[in-house]
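Hi,

Here is the structure I said I would pass on.

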Amino acid sequence: MAQNWDTARICLNGHVLTAHLSKHPDSGNFCAKCGAKAIDHCPNCNTPIHGLPFNWNNPWFKPPTYCHECGEPYPWAGRVLAVEKDRIIRLTSLAYWFQVTMRKLSAVSVWFRRLLKPPWTRSEIFQLIGILAVIAGIVVTIILYT
Ligand SMILES: [Zn+2]
Ligand SMILES: [Zn+2]
């Protein structure tokens with residue numbers, strides 16, 4: 001039988017250590033995210049857990065829920081959903097932050113265009129300094145988060 005699937009190593013809570021055990025044999029025996037033990041064979045029938053096909057590369061690999069050989073649910077069945085939910089919450093909060101920043105940026109740019117025409121009053125100079133501080137803050141935030 002042709003073996004087209006690479007083996008995956010997954011922690012008992014469903015975090016994927018690697019979907020390509022052949023390329024990353026040193027991916028560790030314990031999860032770096034939660035500290036749980038990691039397995040690469042079905043605990044019931046000892047069949048290697050399907051990762052990705054050898055020539056595929058997919059950072060969004062989702063661990064299988066059931067063993068393809070014996071049909072038993074893997075230890076993380078049901079917990080994977082919690083991991084997934086966690087990721088969605090993190091992604092949506094990041095998207096929300098991005099939206100708020102973009103809205104602020106567009107408001108700032110309207111303001112900025114109006115303020116680009118001298119002569120400035122004293123309060124406009126203070127506003128300009130404030131805007132520059134906001135822009136510096138955004139730049140620093142982007143640098144820190146990427
Ligand atoms: Zn884990
Ligand atoms: Zn099995």
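**What I found**

Before the rest, some ground rules. This is a predicted model, where local features need pLDDT of at least 70 and side-chain atom pairs count only at pLDDT 80 or more, while totals for chains, interfaces and linings use all residues. Residues are numbered from 1 along each chain as its sequence is written, chains are lettered from A and ligands numbered from 1 in the order in which they are written, and side-chain values use heavy atoms, with hydrogens and water left out.

On the overall build: the protein chain has two helices and five strands, in the order β-β-β-β-β-α-α from the N terminus. (Helices are DSSP runs of H or I with at least four residues, strands are E runs of at least two, and both are numbered from the N terminus.) The radius of gyration of the protein chain is 25 Å, well over the 15 Å that the globule rule gives for 146 residues, so the chain is more spread out than a compact globule. That radius is taken over C-alpha atoms, and the rule is 2.2 Å times the number of residues to the power 0.38. Along its principal axes, the C-alpha trace spans about 80 × 30 × 20 Å.

Now the metals. Donors here are N, O and S atoms within 2.8 Å of the metal (3.2 Å for Na, K and Ca); water is not among the atoms, so sites may look incomplete. Four donors count as tetrahedral if all angles lie between 85 and 135 degrees.

The zinc ion (ligand 1) is held by Cys11 (SG), His15 (ND1), Cys31 (SG) and Cys34 (SG) at 2.1 to 2.3 Å. Its site is tetrahedral, with angles of 103 to 113 degrees among the four donor atoms. Cys11 lies in strand β2 (residues 9–11) and Cys34 in the loop between β3 (16–18) and β4 (38–39), so the pair ties together parts that are 23 residues apart in sequence. Cys11 is buried at 0% relative accessibility, whereas Cys34 is partly exposed at 35%. (Buried means under 20% relative accessible area, exposed over 50%, partly exposed in between, with a 1.4 Å probe and protein chains only.)

The zinc ion (ligand 2) has Cys42 (SG), Cys45 (SG), Cys67 (SG) and Cys70 (SG) as donors, at 2.3 Å. Angles of 108 to 112 degrees make this arrangement tetrahedral. Cys67 is buried at 4%, and Cys70 is partly exposed at 31%.

Cheers

Conventions. Tetrahedral: all angles 85-135°; square planar, octahedral: opposite > 155°, others 65-115°.
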